[in-house]
Amino acid sequence: MKKTKGTIVRRNKIPENEGIPLSTPLSASVMYHYENIEQVKALNEKKIEGFSYARYANPNAKILAEKISWLEDAKGGFITASGMSALSCVFLALLKKGDTIAASKQLYGQSLKMLTKMLPRMGFETKFFDSSDPSTFAEAITPTTKIILVEIESNPLLRITYFDELVKVAKESSALIMVDNTFTTPSGYKPLNHGATLVMHSVSKILSGHSDLNLGYIGSNDDKLLEDIDELIANFGLNSNPFNCWLAERGLHTFDLRFKEAQRNAAKLAALLEDHPKISKLYYPGLASHPEHLLAKTMLKGNFGTIVSFVLKGDYTNVNNFLNAAKDIPYGSTLGDVSTLVVVPSISSHRHLNKEERLALGIEDTLIRVSLGIEAFSLIKNDFLTGLEEA
Ligand SMILES: *Cc1c(COP(=O)(O)O)cnc(C)c1O
């Protein structure tokens, strides 16, 4: 083709290259070009492998999904724009008129909002149970229940779900179980190996680990479900973008190392804070005083997680004093970052509830949730001791 100003927008062939890139190339292209209509037909009939349009699938999302599926022992999975879009996707793909949901009342704040404010508007009601009290399961799971949603480790009080008991009760019904495994991570528990049909993640958190992207994941071993979810993501436009997937894959490579280190830091912080005079309650499943300590020991094989929560004595003034004195620890409502983060759930994740509703969930005003990072523990120790001294 003649090289002129007018032809510069014509596409070049990507340079020939016999070498195989060692790290995953970022594939930003929205369209994929095929040489002739025979190829296009073969692609449409799934006789050849290939991509067509990025909303349907893109190489970076595919690679990332395969790697998370590998960690979760899932046959297949998909990446969505965020954790919340993964959740939306499952509800939109599975619910039909007349279906209901059963869910743990200890869920991520925005998930609770979806169940109590958004879905009822579309005619889908949720019955709640207490995931750490098996006696509440049977009543919430009815003949119309289609999906049961739980987290293994609750936010921010770190109660543990009696998952085997839940699976037993669910088996009596036609409901399928979906686990939001964001807090526990596949290094702590793999729900698909224990009776869940679907597992989801906010990849924005510790899987990617650097607080620089929003993505979600949904995985399953059920081919038909995977097909329905794939179709729904493309149709409702819940897909991810290649750049975020590329970044997340890079983060995922160090996920297990970061998880182990953050978990070690959490255990050390819990030991440091236990019996501290400025603290009235400490929540951490590794403590013998935790109500599901034994369950966490057996079910999670001692993976007590990367979060520690505590209640500061006093009121918001004391919280302010603590935060000001421990100013090297960023205040952040996310979790799973390389840096240790603190958040006050009563004014962040659970602010849409009134005080009475919050207290019913055990969320006191001065509750502080700590998401441990991978810094040297000496730094964390110094920050907390200084913060508590001034609180
Ligand atoms: C953050 C989070 C979500 C939502 O994920 P986004 O990526 O922020 O949309 C869902 N569940 C849990 C447990 C989370 O921590």
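Is Phe243 buried, partly exposed or exposed, and what is its relative accessible area? Phe243 is partly exposed, at 42% relative accessible area. Here buried means under 20% relative accessible area, exposed means over 50%, and partly exposed lies in between (1.4 Å probe, protein chains only).

This is a predicted model, in which local features need pLDDT of at least 70 and side-chain atom pairs count only at pLDDT 80 or more, while totals for chains, interfaces and linings use all residues. Residues are numbered from 1 along each chain as its sequence is written, and side-chain values use heavy atoms, with hydrogens and water left out.

**Overall fold**

The protein chain has 14 helices and 11 strands. These are DSSP runs numbered from the N terminus (helices H or I, at least four residues; strands E, at least two). The C-alpha trace spans about 80 × 50 × 35 Å along its principal axes. Of the 391 residues, 50% count as buried.

**Aromatic pairs**

The structure holds 10 aromatic pairs. Rings of Phe, Tyr and Trp (its six-membered ring) pair if their centres lie within 6.5 Å; planes under 30 degrees apart count as stacked, over 60 as edge-to-face and the rest as tilted. Phe243 and Trp246 form a stacked pair, 5.9 Å centre to centre with 25° between the planes. Both sit in helix α9 (residues 242-252), and because they are 3 residues apart, about one helical turn separates them. Trp246 is partly exposed, at 27% relative accessibility.

Phe255 and Phe259 also pair: their centres are 5.9 Å apart and their planes at 45°, so this pair is tilted. The two residues are 4 apart in helix α10 (residues 255-273), about one helical turn. Phe255 is buried at 2% relative accessibility. Phe259 is buried at 2% as well. Elsewhere, ring pairs join Phe310, Phe322 and Phe384 into a cluster.

**Salt bridges**

The whole structure contains 12 salt bridges. A salt bridge is a side-chain nitrogen of Lys or Arg within 4 Å of a carboxyl oxygen of Asp or Glu. Three of them are tabulated.

| Residues | N to O distance |
|---|---|
| Asp256 and Lys260 | 2.7 Å |
| Arg264 and Glu261 | 2.7 Å |
| Lys355 and Asp365 | 2.9 Å |

Asp256 and Lys260 lie in helix α10, 4 residues apart, about one turn of the helix. Asp256 is partly exposed at 28% relative accessible area, and Lys260 is partly exposed at 42%. Arg264 and Glu261 are also in helix α10, 3 residues apart and about one helical turn from each other. Arg264 is partly exposed at 46%; Glu261 is partly exposed at 26%.

Lys355 belongs to helix α13 (residues 355-360) and Asp365 to the loop between α13 and β11 (367-371), so their bridge ties together parts that are 10 residues apart in sequence. Lys355 is partly exposed at 44%, whereas Asp365 is buried at 17%. Lys355, Arg358 and Asp365 are linked in a salt-bridge network.

**Around Tyr53 and Tyr56**

Tyr53 is placed in the loop between α1 (37-44) and α2 (59-72). Tyr53 is partly exposed, at 32% relative accessibility. Arg55 lies over the face of Tyr56, 5.5 Å from the ring centre. Such a charge counts if NZ of Lys or CZ of Arg is within 6 Å of the ring centre and within 35 degrees of the ring normal.
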